[in-house]
Amino acid sequence: MKNKIKELRIKLNLTQEELAQKAKVRRETIVFLEQGKYNPSLQLAYDVATALKTSIDKLFIF
Amino acid sequence: MKLKNYQNLQNAISLFAIVGLEYFLTINSYLWALAILLIAVVILFIARKSVSEVVFDERDNNIRAKSFLMAAYSFAFLSVVTIILLMLGTVSEENYKMISLTLIVSLVVIFGVQRLYYIYYQKFAHLEKKGVYIALGIIMLLIVLVGMLRFFSGEDDWVCQNGQWVKHGNPEIPIPITECK
């Protein structure tokens, strides 16, 4: 699923490692999410959106 | 401990455990096999506790589910091949026959247990009174197990007691000709 994770993460000056820690996942999962190769659960989508100070509907392109 | 180091240790310990288990099982040293397994589990448990990063997340969980499914399918394929070989009579060695039969029975058990879990998660896991259903399920399972044990345990057989063959139940076969020790 296409998303703006990378864009927002860079805007907030966060590394993939830091975002992974905030979302309580492994860095590899953030890599896959940014590349749109993994569709997260609603919980993970919410955690990532919260870590990036945004909402799910603004983060993911449906 | 860093996650990368933990993963390397996990791979090394797994390899060590597999080789060790294989070796001690083939020389019938079951105590050592158990010890190897316990040592591996304890080391991995302690190592995992020392990792501060996330070791396992939802993506890993999805991958694990898929890989388990693929392993089950591979196992099923292997069992089907084994059944065909048994049917064709190409397996003549008794040991291989036993291994083949174990493989097939294991497959049936694995898929049976999987089916039980599937039914549980589909129909009962979300219910408020799931405890009652679990208890009922366990009771039913026990009844089936006792029935199977009764059927396969050789209740009706000749039993060796004090150097003599004693009739136990109503055996269909005649008294064994082998010496009773």
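Predicted model: local features only at pLDDT ≥ 70, side-chain atom pairs only at ≥ 80, totals over all residues.
**Entry 1: chain B**

I began with the secondary structure of chain B and counted 5 helices and 2 strands. Reading from the N terminus, I noted the order α-α-α-α-α-β-β. Next I looked up burial: chain B has 181 residues, and 16% of them count as buried. The accessible surface of chain B came out at about 14,600 Å², with 69% of that area belonging to carbon and sulfur atoms.

**Entry 2: chain A**

Of its 62 residues, 40% count as buried. I wrote down about 3,900 Å² for the accessible surface of chain A, 53% of it from carbon and sulfur atoms. For contacts in chain A between residues at least 6 apart in sequence, the share that joins residues at least 24 apart is 52%.

**Entry 3: where the chains meet**

My next question to myself was: how many residues does the contact take from chain B and from chain A? I got 11 residues from chain B and 11 residues from chain A. The size of an interface is often given as the accessible area lost when the parts come together, so I looked that up too. Between chain B and chain A, the buried area is about 880 Å², and carbon and sulfur atoms give 43% of it.

I then asked which parts of chain B face chain A. Helix 1 (3-26) and helix 3 (58-88) of chain B each supply at least two residues of the side that touches chain A. Helix 3 of chain B gives the largest share of that side, with 4 residues.

**Entry 4: the salt bridge between the chains**

I counted 1 salt bridge between chain B and chain A. Which residues form it? D60(B) pairs with R26(A), and their closest N and O atoms are 2.7 Å apart. D60(B) lies in helix 3 of chain B, while R26(A) sits in the loop between helix 2 (16-23) and helix 3 of chain A, so the pair joins two chains.

R26(A) has another partner. It forms a salt bridge with E28(A), with the closest N and O atoms 3.1 Å apart. E28(A) has 29% relative accessibility and therefore counts as partly exposed. Salt bridges that share partners join R26(A), E28(A) and D60(B) into one network.

**Entry 5: the rest of the salt bridges**

I then searched the whole structure and got 3 salt bridges over all chains. One of them pairs R9(A) with E34(A), where the closest N and O atoms are 2.5 Å apart. This pair links distant parts of the chain: R9(A) is in helix 1 (residues 5-11) of chain A and E34(A) is in helix 3 (residues 27-34) of chain A, 25 residues apart. I checked burial here as well, and both R9(A) and E34(A) are buried.

**Entry 6: a nonpolar patch on chain B**

Last, I turned to the surface of chain B. I found a nonpolar patch there, made of L116(B), I134(B), I138(B), L141(B), L142(B), V144(B), L145(B) and M148(B). Together these residues have about 710 Å² of accessible area. Which element gives the largest share of the patch? Helix 5 (residues 130-152) of chain B does, with 7 residues.

Note on methods
Residues numbered from 1 in each chain as written. Chains lettered and ligands numbered in written order. Heavy atoms only, no water. Patch = residues over 30% accessible without salt bridge, like charges linked within 9 Å, V, L, I, M, F, W, Y side chains within 5 Å. Areas by Shrake-Rupley, 256 points an atom, 1.4 Å probe, with all protein chains shown as cover. Salt bridge = Lys/Arg side-chain N within 4 Å of Asp/Glu carboxyl O. Contact = heavy atoms within 4.5 Å. Buried area = accessible area lost by both parts, 1.4 Å probe. Buried < 20%, exposed > 50% of the residue type's maximum accessible area, 1.4 Å probe, protein only.
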